[in-house]
Amino acid sequence: MMFRLYRWAGCLLLLWLTTGLNAQPVTPADYHLNAYTLHDAALGDVRYYISTDGLQTKKPLLVLLDGSSHLPLALLVKQPHRMEVMNTFDHDLLKLANRFHVVMISKPGVPFCDTIQVQRDTVTMDDVDRLLPMPYIYRHKGGLEWRAQAASRVIDVVCAKFPVDAGRVVVYGYSEGAQVAPKVAVLNKRVTHCASVFGSGLNQLYDFIHDARLEAVKGHISYEAAQRRIDSLLRRFEDIYRHPQDTRKDWENNTYQRWASYGAEPPVQQFAQLDIPLFVVAGIHDTNSPIYSLDYLPLEFLRLGKKNLTYKVYPVDHFFRNTANPRDMTDYKSQMLTALLQWLKVR
């Protein structure tokens, strides 16, 4: 998962809601969510949100893990003549609240909603990056371990507090969250199903090496230039692994601590530890989460003789668009969600 390419890919489709200057959907209640805070001695405060639809009804649990970066679940953008709300979660999954208790979790030190103000009526992700600095707590705690442990604790608390069908406790991750999902399932034996969409199978640092080789094969750079880039990358990775807890050093807009946490154990190792049903999705044209990394999973499961992997491949990029054929209007995300529900055996 090459960070320079997927910096904002964690914001699924980056749904911008242009709403003029009237009331904005910026609170959990606006999305039919109840907000709770879990206080944990090691993790600190963990903010989570659960759908209000049928809250006291026994239903399966669906935990949604969003993608990368320190963006909040809702970002209010104030402009001279209008305001917009950007959501980093997928509304289509939130609509499943009629079938599941749907839970989302804020990242460490990140509120449900934050606000930025720009001086023109257009805004770019560079503007968001410039105007929304990384919170101190996120900088020091953001990484695989915090996200996975926080999700595991939330699952325990929600299962104790609300009527959850213990036969369907599903963790669903997208992009960076797709790498968190199998770790959560390893940590928490309540998890019965694990879905990973546009994540990774190999060490995400390998993407940078593979990218350099691919650039040479395509003729964009020379093979010698590719090797120089890889030698430089390996020196950087050596430094990251030497300082896996360092939150002062940055590379590609993330701390060493964050990179080391995701590079400590490749997702394929976590997936291989699981005997529960696994649902993994890859996009043929996904440059954010390259398919070669995910293609390794079914090969590894064949080697191990494991039968619990469902592997779906769609002709799409990181946002379910067929970039190879712009005329293709097929709703591949709906296809994926239908397959997901069939896999879960939930009507």
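Predicted model: local features only at pLDDT ≥ 70, side-chain atom pairs only at ≥ 80, totals over all residues.

Trainee: Which residues of α8 are buried?

Mentor: They are Ala226, Ile230, Leu233, Phe237, Asp239 and Ile240. As a rule, an α-helix has 3.6 residues a turn, so residues three or four places apart point the same way.

Trainee: What span should the 20 residues of α8 have?

Mentor: At 1.5 Å a residue, they should span 28 Å, and the end C-alpha atoms of α8 are 28 Å apart, so the two agree.

Trainee: And at what angle do the axes of α8 and α9 cross?

Mentor: Roughly 90°, with the axes of α8 (residues 223-242) and α9 (residues 256-263) coming within 9 Å. The two helices are therefore roughly perpendicular to each other. On the α8 side the contact is made by Arg236, Asp239, Ile240 and Tyr241, and α9 brings Tyr256, Trp259, Ala260 and Gly263.

Trainee: How many residues of that contact of α8 with α9 are nonpolar, polar or charged?

Mentor: That contact divides into 5 nonpolar, 1 polar and 2 charged residues.

Trainee: OK, switching to α11. Which residues are buried there?

Mentor: Ile291, Ser293, Leu294, Leu297, Glu300 and Phe301 are buried in α11. Their cover includes α7, α10 (267-273), β13 (278-283) and β14 (309-314).

Trainee: What follows α11?

Mentor: Glycine 305, with a positive phi near 75°.

Trainee: Now the cysteines. How many disulfides does a search of the whole structure find?

Mentor: The search comes back with 0 disulfides.

Trainee: Is cysteine 194 buried or exposed?

Mentor: Cysteine 194 is buried, because its relative accessible area is 1%, under the 20% cut-off. Cysteine 113, at 21%, is partly exposed.

Trainee: Last one: where is leucine 337 found?

Mentor: In helix α12 (residues 332-344). Leucine 337 is buried, with a relative accessible area of 13%.

Trainee: What is leucine 337 in contact with, leaving aside its neighbours within four places in sequence?

Mentor: Asp92 and Leu93. Leucine 337 and leucine 93 are 244 residues apart in sequence, yet 8.3 Å apart in space, C-alpha to C-alpha.

Definitions and conventions. Residues numbered from 1 in each chain as written. Heavy atoms only, no water. Axes fitted to C-alpha atoms, helices over the stretch in contact; angles between N-to-C directions. Helix = DSSP H or I, 4+ residues; strand = E, 2+ residues; numbered from the N terminus. Parallel < 35°, antiparallel > 145°, perpendicular 65-115°, else oblique. Contact = heavy atoms within 4.5 Å. Nonpolar A, V, L, I, M, F, W, Y, C, P; charged D, E, K, R; others polar. Disulfide = S-S within 2.5 Å. Buried < 20%, exposed > 50% of the residue type's maximum accessible area, 1.4 Å probe, protein only. Expected span 1.5 Å × (residues − 1).
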